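Please look over the structure shown here before reading on.

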Amino acid sequence: MNKRTLTELDYYRIRDLIASYCVSEEGKNLLCRTEPYTDIEKISELKNTGNEWLSYISSPRQPALSSWPEVKTIFPMLKTEGATLLQEQIFALLLFIFSIERVKSSIENAKDDLKLEKLSELVNSLPDMNQPKNEILNIMDSSGQIKDLPQLRAIRAKITACKREITALMKKYTTNPDLSDVLESTVPAFRAERQVLAVKSSKRIAIKGIIHEMSASGQTVYIEPDDVVRKNNELIQEEFNLQQEIRQIFHKLTSNLQPYSGLFLQALPVMLKLDITRAGAKWGKEKSCTYAFDCKNEEAPLLLQARHPLLGEKAVPIDVRFIQGKKILIITGPNTGGKTVTLKTIALFSMLNQTGFPIPAAEGTRLPVFSNVFADIGDSQSLDQSLSTFSGHMKNIAAAINGSTENSLVLLDELASGTDPLEGGAIAMAVLDKLIEKNAYVLATTHHGILKNYAYTHKECVNASVEFDDTTLSPTYHLIMGVPGDSRALDIAKRSGIPGKICKTAKNYIANEQADVSSLIKGLTAKHAELAKLQKEIKEKENELKQQQRKTDLHELRLRQHEMELKKSGQREANKFLSESRKKLENLVRTLKEGEITREKTLAVKAFIKDIENSTEIRQNSIEIEEEQLTKDLAEKEEILVKQIEEGKTKKKTAKRRMKNSEALKHAQSLADPDSKSEKSVKLEFTEGASVIAKNSKTPGILLHAEKKGMWSVQFGSVKMNMNQKDLILVPPAEKPFDTKPLITLDLADNSKSNFDDTNFPGNKPLFELRLLGLHVEEAIKILERQLDLCTLNDFKKFSIIHGKGSGALQQAVQDYLSHYPGVADFCFAPPEDGGSGKTYVELA
């Protein structure tokens with residue numbers, strides 16, 4: 001790639017910024033030397049690996065990659081016979097091994113949940129470093145300090161003894177009252193790492209020893225007493241012996257590590273690849289980036305919501321939609337409207353994509369792989385080379401024409417400017433003719449009106465323009481595909497301070513024909529905006545109809561589920577009848593046996609009982625099969641509907657403090673709406689005609705009459721059942737039997753509705769998806785507790801909770817409760833495409 005072009009595109013600035021996210025200095029240096037690739041397979045491999053890193057980083061898992069010091073320079077010494085590594089070099093190798101083990105463990109633990117195929121393949125190629133790790137850990141601990149080895153212990157003991165004796169000797173001098181007028185200080189000083197006494201110069205003959213130094217005033221001399229000299233010499237000798245022993249230990253360790261030098265050499269390239277791909281994913285997550293798809297089967301490039309990374313929050317997202325077979329894009333419009341930025345954004349994103357980096361754009365963006373990029377951007381004037389502005393442009397364009405191929409990208413900013421408009425326009429069209437002949441991708445900006453017509457009359461070209469706001473007389477920086485733009489020079493001149501009279505005079509100089517062209521462009525722009533609005537409305541209606549259809553299907557499945565519950569209830573009654581009938585018949589047989597009865601009659605009675613049992617078992621099996629299919633269909637429909645509703649929401653997960661169970665419950669109750677607890681006091685009694693609900697199924701019913709004490713006959717819809725009084729709850733007759741569970745209505749357009757229904761509440765079976773939207777925190781926690789209990793009873797391992805975002809109170813309460821529930825193995829927010837932080841996935845132990 002052309003380095004000057006990459007510099008103009010700010011590619012190196014972005015690349016070096018991404019390199020700062022590497023955990024190792026070696027990874028950073030490698031990435032800072034990297035340039036765009038042209039090998040499609042290599043690019044795809046880097047992007048796939050980075051995409052898996054993005055999934056891992058977005059999950060609530062611990063960092064998989066830890067930093068390590070530079071180790072590449074150590075490897076040649078490691079292979080050299082007789083070499084001895086230093087302590088810090090050996091510690092660097094140990095940290096490198098720790099990083100290898102950590103990334104292997106982290107990726108292997110997450111590969112099944114996050115589908116990390118490429119990362120798993122990479123970490124599996126890392127060698128087993130246990131043997132060199134054990135060799136090093138035999139000598140030093142994990143912090144890099146040398147262990148208390150037997151061969152060092154004796155020497156260290158002698159050093160300690162020497163220091164103790166030196167301290168005792170010095171104390172003898174400093175505490176001697178006869179020397180109080182001799183010493184300047186009773187605190188020993190250090191000179192050349194040896195303890196000395198500060199002695200008055202006039203009394204120095206009182207202490208025999210070596211004078212190390214004299215003060216600047218000459219009043220004080222620093223003397224090392226003779227007996228201390230001997231001990232200091234012994235100390236130095238023992239410290240030398242210690243260093244010699246340590247050197248021998250490291251020499252032997254280096255020799256022991258030499259057979260594993262190949263393992264270190266094998267591991268480093270893999271670790272560097274993991275480091276640089278993770279750095280790109282880390283940067284991409286912070287900038288809300290995505291990995292671009294490849295253009296397959298001659299697909300046209302497509303940029304969705306592209307934002308230049310250097311503009312930050314000021315960047316206006318643009319959509320660039322090439323048309324298959326049209327590889328020339330001519331962008332027109334006002335000055336300062338963003339034409340050059342659009343040009344650079346498209347080219348920069350292509351280069352970032354070819355380095356395996358994510359790009360700040362929406363999902364669905366796709367880009368081709370270019371073999372080279374040529375650019376004529378900015379002023380190429382050069383006094384040293386005697387180049388004018390125009391000749392500088394022509395030199396760059398000539399290089400593009402001579403070097404471009406069908407896989408090249410050519411950027412032409414302000415094509416053929418800086419000379420006579422008539423001749424410049426002719427040159428521009430001839431240049432475009434040649435580039436069309438070469439079938440290269442061309443992005444050009446211009447103010448030449450003749451090139452707008454050129455784009456209309458050539459099937460290989462597409463017009464585009466930067467939008468201009470007629471109300472504020474300023475650009476909006478949006479890109480409009482298919483429509484040329486007016487330069488709006490007069491409006492911008494007036495806005496920039498040119499007197500209105502001059503602008504009016506200039507307007508009179510404009511020919512009528514040119515004015516007609518400007519009017520035509522304005523009309524086309526207005527029609528384009530109207531068409532875009534109409535297309536948006538049609539798409540919204542289409543999505544709304546699809547959503548309504550899904551909700552209707554979901555409602556139908558829930559009705560079928562309710563019907564199934566009724567069938568199961570009827571089956572339970574039949575089972576009860578069978579049991580009672582069996583007992584009666586057995587009693588009858590027993591009675592008959594006491595009288596005169598034949599064997600044939602007895603066999604006939606038993607056959608009757610067996611037929612009833614077989615019939616009931618067949619019916620039960622049929623219901624279970626139908627229920628299993630219904631549950632599966634319901635889960636699929638709910639998943640599709642939730643994805644449609646939650647689409648477009650962003651993901652943002654913040655860490656929460658873990659609390660005790662009592663604190664979590666107290667916090668959940670404190671977040672509840674205090675008004676939700678206020679209810680009208682009504683006196684309720686168990687009498688005939690009273691309204692009740694069943695505790696387990698929450699089914700409403702009416703008390704018919706008392707069968708016996710504590711037992712009532714209850715009408716549940718079309719079913720009459722005998723129920724224990726303790727299994728029933730009285731409710732006011734004028735109110736709904738219950739209102740603690742959310743209802744998903746058929747029209748989600750009005751989110752202010754607060755209807756409730758039992759189709760979304762765990763009855764006797766857990767739900768695949770528990771919806772808590774619209775509930776107070778205390779009610780939601782009770783429902784969640786019921787769901788978790790049912791999951792435990794039914795061995796139900798995974799489900800999801802839709803709690804929404806809102807103020808965050810319900811989200812916080814759910815997270816706190818799950819973090820302290822003993823049966824929960826793991827939980828996390830859903831991916832952005834499935835609801836983000838408005839939805840939580842739960843996995844039970």
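This is a predicted model: local features need pLDDT of at least 70, side-chain atom pairs count only at pLDDT 80 or more; totals for chains, interfaces and linings use all residues.

Residues are numbered from 1 along each chain as its sequence is written, and side-chain values use heavy atoms, with hydrogens and water left out.

**Overall**
- The protein has 22 helices and 23 strands, taken as DSSP runs (helices H or I, at least four residues; strands E, at least two) and numbered from the N terminus.
- Of its 845 residues, 42% count as buried, that is, under 20% relative accessible area with a 1.4 Å probe, protein chains only.

**Helix α4**
- The 19 residues of α4 (residues 40-58) should span 27 Å at 1.5 Å a residue, and the end C-alpha atoms are 27 Å apart, which agrees; the expected span is 1.5 Å times one less than the number of residues.
- At the N-terminal end, D39 caps α4, with a side-chain oxygen 3.1 Å from the backbone nitrogen of E41.
- The buried residues of α4 include I43, L46, W53 and I57, and what covers the buried residues includes α6 (87-114), α11 (261-286) and α12 (339-354).

**Helices α2 and α11**
- The axes of α2 (residues 11-19) and α11, lines fitted to C-alpha atoms over the stretch in contact, come within 8 Å and cross at roughly 105°.
- That makes α2 roughly perpendicular to α11, a class covering angles of 65 to 115 degrees on a scale from 0 to 180 degrees between N-to-C directions.
- I14, L17 and I18 of α2 meet A279, G280 and W283 of α11, where contact means heavy atoms within 4.5 Å.

Methods:
Buried means under 20% relative accessible area, exposed over 50%, partly exposed in between (1.4 Å probe, protein chains only). A polar contact is a pair of N or O atoms within 3.5 Å; within protein, one must be able to donate a hydrogen and the other to accept it, and residues adjacent in sequence count only if both atoms are side-chain atoms. Angles under 35 degrees count as roughly parallel, over 145 as roughly antiparallel, 65 to 115 as roughly perpendicular and the rest as oblique.
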